[in-house]
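This report goes through one model, from whole chains down to single residues. The sequence and coordinates come first.

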Amino acid sequence: MSAEQFPSDGSGIAGHGAFFQPTNLSPEDAAKATAWVEKHVDRRTLDLSERMDDVRDHMWQLEKEGEIIVHRISDAHRPVDVQTLFGWNKKIPTAQLWHHKSCGQCGNIPGYPTALLWTMNKLGMVPGRDYLDETDQTSCTAWNYHGSGIGNLESLAAVFLRNFHQAYVSGKNHGHDTGHFYPLVHCGTSYGNYKEVRKYLIESPQLREKVKKILGKLGRLVDGKLVIPEEIVHYSEWVHVMRKRIASELQTIDVSKVRVTVHTACHYYKMVHEDAIYDPSVLGGNRTAVGTSVAEALGAQVIDYSTWYDCCGFGFRHIISEREFTRSFTIDRKIKIAREEANADVMLGIDTGCITTMDKNQWIGKAHDKNYSVPIMADIQFAALACGADPFKIVQLQWHASPCEEVVEKMGISWDESKRNFEAYLKEVEAGRIEYLYNPELAISR
Amino acid sequence: MATYAEMREVFEDIKADIRYDHELNGCLNCGICTATCPSAHFYDYSPREIVQLLWTENVEQIYDAMQEKIWACAQCMTCAARCPFKNSPGGLVAIMREVAIKHGFQSAKDVLRPFGRVMLKLITTGNQLSPDMIQPDHFPDWGPNIQKVKGNLKTLRKAIPVRTLQTTDTAWEVSLKTSVEMYTIWEMTGVLESLETMDENLFDVIQDFIDEKREEYEELMEDASAQD
């Protein structure tokens, strides 16, 4: 070893920081240490699927052993099979869905869930039978956890099991059997977090034991057992499997001149990545399929761009209290690229935080002469617009800060006229004449 | 200044988390995680460094990184998706943050102080974010177009054609029973305790709120059984 690798000033091995120091091990001890490292290195593989466990196999085993109850996706849920990263099969239920809402969407981008419910209605789904949106649910609490570190695996697991137990039993209040409604998770972070938590619940008897006490106290065990869902399903996966029906049965507006870029949420495909949908017919299977697939089915021009893999800059805590990071990253790595490289008419997202981040952090770029703007909305909002949904009443674009009016106009919808109609509708709302997508009584959990 | 024994205790707490062994499998310093990390663009932060410190069990440097660096992570988990070892640097950071809170690090208190409003909302309502928090006054940097139809927030929310979303102080209407169940989860999993360690004043406010909601729920239950 050369002297440069062991600087005398204590700064460590060159390029590796001060904490790197020579071990000075004897040859025998060095061999032992190397063997230990090699043992761990051997866990690495380029083809991870061969060595990676499918957690669902263990889940079925636990059920067989009487440890848990699996909330099954039955034929009544009219499932569609898709393939995930390693070609594994995943069932996506298309009916009898329990809407598990997103706090960021409902609080900030309400057109997200309304566009989804509107699309379901248009496809003939009957509220109270084919879907349920009720008040008995908390958020997954993972936004706070990822932002602050307040919370822990046990609290996240208990919240997951509580909400999914409610989904499991919710049908009873509406004259259906237990298990009638299957949870459809709206938020990307909830989806990633729930998948991770489910994995640890299945793998750890200690964790199961701890949360069982909590769920028991809440009266949320079934026959003394925890209820775990067969699949964790994101709304964009429902949109993915319904895309051809949406396009063939509902589409009324030609979007073939619309240039679309897609930003897929990190927590959709980077957490428990083996469970995200990949489809060889969508960008050659080189990107996760959701988001892109519905834009393609509608006939829009999907434009790839160099920073597709980058996060949006949301950061959970950063968007609230370290905003300079969030806005700088999203402008430099997303908005600027979508504008300059792809000349996008719209950027579609599939999650709460990304859409908020990219939508709200464009105007501030002017402070540094970064004058870039791109309309931002969710895949389902774009699909609903293409199917004739009102930009204000249903798609609720009035809450978006980015210039959504530009893409609406390009689709041949008059923004000004829609806005005037909506402002007139607000008078009706003030007079108590409110239009609903489903009977509001259905929302009340008893 | 913490003693070595104190720093060792902090490290042992990190290692004791059941996720630790799943999220740290080895490291060859390839740096793919840092290359793909959004926070590494703007902060003195490297997921590779975090993994290396843990892998080499460098308790002093781990303790040091827990003062500031771990709070730079955006928790996007891009690092976890890319690591050839299937490490999750972001997941390890989450564990380190929990431990920093458990040990009441002043640096954690400082970082989280501006986040208090969000924690108050989440712990008391189960919703992270509510429409009345996203007002132009709170986010001047979001520009003048934050709301493209002017009007009263309550009316604008009433114009959303879904009953559960017609709220202003929560993202959706949460039933009282749901909230009360959530408070039990917070208590039984030590979340309220963590909160008390971080911010006693915020904890007091939240505790009062919880007590009030529980009383309200008990009264509701009594009324319901009286009617039966």
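## Terms and model

A residue counts as buried if 20 or more other C-beta atoms lie within 10 Å of its own, as exposed if 12 or fewer do, and as partly exposed in between, with C-beta atoms placed from the backbone. The model is predicted: local features need pLDDT of at least 70 and side-chain atom pairs count only at pLDDT 80 or more, while totals for chains, interfaces and linings use all residues. Residues are numbered from 1 along each chain as its sequence is written, and chains are lettered from A and ligands numbered from 1 in the order in which they are written.

## V93 in chain B

V93(B) is buried, because 28 other C-beta atoms lie within 10 Å. V93(B) sits in helix α8 of chain B, which covers residues 89–102; helices (H or I, at least four residues) and strands (E, at least two) are DSSP runs, numbered from the N terminus.

Apart from neighbours within four places in sequence, V93(B) is in contact with I50(B), I70(B) and C73(B). Contact here requires C-beta atoms, placed from the backbone, within 7 Å of each other. I14(B) is 79 residues from V93(B) along the chain, and their C-alpha atoms are 9.7 Å apart.

## Domains of chain B

Chain B has a domain 1 at 4–103 and a domain 2 at 113–227, with bounds taken from an automatic or database domain assignment. The centres of the two domains, taken over C-alpha atoms, are separated by 32 Å.

## Chain A overall

Chain A holds 18 helices and 11 strands. Its radius of gyration is 24 Å, close to the 22 Å given by the globule rule for 446 residues, so chain A is as compact as a globular protein of that length. The radius is taken over C-alpha atoms, and the rule is 2.2 Å times the number of residues to the power 0.38.

The C-alpha trace of chain A spans about 85 × 60 × 40 Å along its principal axes. Of its 446 residues, 53% count as buried. Among contacts in chain A between residues at least 6 apart in sequence, 75% join residues at least 24 apart.

## Positive phi in chain A

Q96(A) is not a glycine, yet its phi is positive, near 55 degrees. Q96(A) lies in the loop between β3 (89–92) and β4 (97–100). With 22 other C-beta atoms within 10 Å, Q96(A) is buried.

D369(A), also not a glycine, has a positive phi of about 55 degrees. The loop that holds D369(A) runs between α15 (352–360) and β11 (376–378). D369(A) is exposed, because 6 other C-beta atoms lie within 10 Å.

Technical notes: Two residues are in contact if their C-beta atoms, placed from the backbone, lie within 7 Å.
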